[in-house]
Structure formats: C-alpha cells, structure tokens
Amino acid sequence: PLKIPIYQVDAFASSRFKGNPAAVCLLESWLDDSLLQLIATENNLSETAFVKKRSVGQYELRWFTPSFEISLCGHATLAASYVIFQHVDGEQEVIHFFTKSGELIVTQEGGRLVMDFPSYEVEPINTTQTMIAGLGGTPREMFQSGINYYAIFDSEHEVRSLTPNFAAILDLIRGNQFIGIVPTARGEEYDFVSRYFAPEEGTNMGEDPVTGSIHSVLIPYWADRLGKTKMHAYQASERGGELFCELIERDGFKRSIIGGVVQPYLEGIIEV
C-alpha cells in the first residue's frame, strides 16, 4: 500500500482542543481525485488539506471536506503551513501556496502564522423565512458573497445564543452554489464575532468551529463599518477561536490578512 504522512492540528487555537482541527497529508505526487475524497471522508474532519511540494517554499495545496473539494479554506491552510514549517521546510520564513483561489502566502510572525488572503465584497439580499428558521433568529440585514450567506445581528449576545436549524439551512442551500450561512455582529471584548453554519448532506457536520475563509468577507465588511483596518475577531463556536485580522491594499487590490496560532495534536501514517 501507499503510505502517506498525515498530521492533525488545531488551527486558530489558543490551546489544544480549541480552534478548528484539520488534517494535513503530504503527497509526493497527486493521487486520483476520488482517492483524495475517500481519504477526506475517512478523516471526517471539516477539511483535509493535501500538499505537494514544487520547490523550497512553494507548494500546491487542495482542500476537501468529507463530501466535496472546496476552493478556499483558511484553517486548513494555517494547518498546512504549520506542518511545513515544523516538519518540511523549517528554515523558511515564507510559504507560497498555489491553489484554486490563486497564490496564497503565509509567513511566520513571532508565535503566529499569518495568511495573505483575497478580500471579497458583499451583495445585499432580502431576508427570507427559511433564513430566519435556519438561523434561529432574525438578522438586521442579509448579504451574500461567494458560496455563503451573511447575517448581520445587532449584538454579540444574539449571535452566541442562536440555535440553528440545520435541516432548514440544508433547504436553503440545496440545489444552489451556497454551502453555509454566517451570523456576525460587533463584539464586546473583540472587534467582531461570527459563527458559521454549514451542514453537509450525509455527514454529521453542522457548525464549523473556526473558519478562515469567511474572514475574506468579514474583514473588509467590518473594516468599513468599524472604521479601522486592524481587528481582533472571535468565532464563537463551542471550541472557539481567535483571529488577528487586517485589511491592506497591495497593487490596487484589497487583501485580507488573517493570523492565528496552531496547536499540534497527531502525527501518523495512512495506508491506501
């Protein structure tokens, strides 16, 4: 059998068993997509990252949920960076990932890993009864961006106290390009807080613990509303996670800078 190194780490985690767990598999060459999907399904984590080295500091990166491949994932990118810095290219300060969302750059800054991600704008939409039922509460306004809906609430307490109805959310996203809904509000201790409800058909996945990719939308949104470019964010899931955020402009494009801490959990070998 083919033996593949695998690591599991907790991303955006202030301590072990916090943040969002991700698996990272180091490949010497790309396997069939069907096999990559089977591995991700077997791992049964929100994301499994597959990494193939191009050259020193340059890697190809793909992400799979238990059900399908996705085009952008923050916490599994943070996880992959940690594994490379710790186990592959320890002398490097910067990693360049080549992904379906373009080139992503990750640097080491003190004890944090910092990701340079795209920034995406939101488009206002009408709030429907299905959205309200799925969220378990009525937002002040709704937006959409990319593959997610965004629900703006008036307080952190409202966001934290939501009890989502995942069956209703599946009804909302079934048959279209959307995969989840993000309630968010100004924070009390933090600049802003969020959660991410993203159920998948046929899995037990419901709420994602900490989601880097949604901050490509939340960072420019809250930077505009709060009138500041550096922000400290918290994803208020049961596990919870801190994100150190900044909105910058480079070469005429806005970029979302997302930093976090990673905690190691597991090292092993899988056989396929």
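Is Phe17 buried or exposed? Phe17 is exposed, at a relative accessible area of 54%, where exposed means over 50% relative accessible area, buried under 20%, and partly exposed in between (1.4 Å probe, protein chains only).

The structure is a predicted model, in which local features need pLDDT of at least 70 and side-chain atom pairs count only at pLDDT 80 or more, while totals for chains, interfaces and linings use all residues. Residues are numbered from 1 along each chain as its sequence is written, and side-chain values use heavy atoms, with hydrogens and water left out.

**Overall form**

The protein contains six helices and 17 strands; these are DSSP runs numbered from the N terminus, with helices (H or I) of at least four residues and strands (E) of at least two. Its radius of gyration is 18 Å, close to the 19 Å from the globule rule for 272 residues, so the protein is as compact as a globular protein of that length. That radius is taken over C-alpha atoms, and the rule is 2.2 Å times the number of residues to the power 0.38. The C-alpha trace spans about 50 × 40 × 35 Å along the principal axes.

Of the 272 residues, 55% count as buried. Among contacts (heavy atoms within 4.5 Å) between residues at least 6 apart in sequence, 61% join residues at least 24 apart. The protein exposes about 12000 Å², of which carbon and sulfur atoms supply 47%; the areas come from the Shrake-Rupley method with a 1.4 Å probe, and for residues only the protein chains shown count as cover.

There are 21 positive and 36 negative side chains, and the centres of the two sets lie 2 Å apart. Lys and Arg count as positive and Asp and Glu as negative, with His and the chain ends not counted; each charge is placed at NZ of Lys, CZ of Arg, CG of Asp or CD of Glu.

**Positive phi in two loops**

Most residues other than glycine have a negative phi. Phe17, in the loop between strand S1 (3–11) and strand S2 (20–27), has a positive phi near 75°. Asp251 also has a positive phi, near 55°. Asp251 sits in the loop between strand S15 (241–250) and strand S16 (253–260), and is exposed at 71% relative accessibility.

**Cysteines**

A disulfide is a pair of cysteine sulfur atoms within 2.5 Å, and by this rule the count is zero. Two of the cysteines are set out below.

The buried residues include His215, Leu218, Pro220, Tyr221 and Trp222. Gly227 follows H6 and has a positive phi, near 70°.

Thr211 lies in the loop between strand S13 (192–194) and H6. Thr211 is buried, at 5% relative accessibility. Leaving aside neighbours within four places in sequence, Thr211 is in contact with Tyr196 and Gln235.
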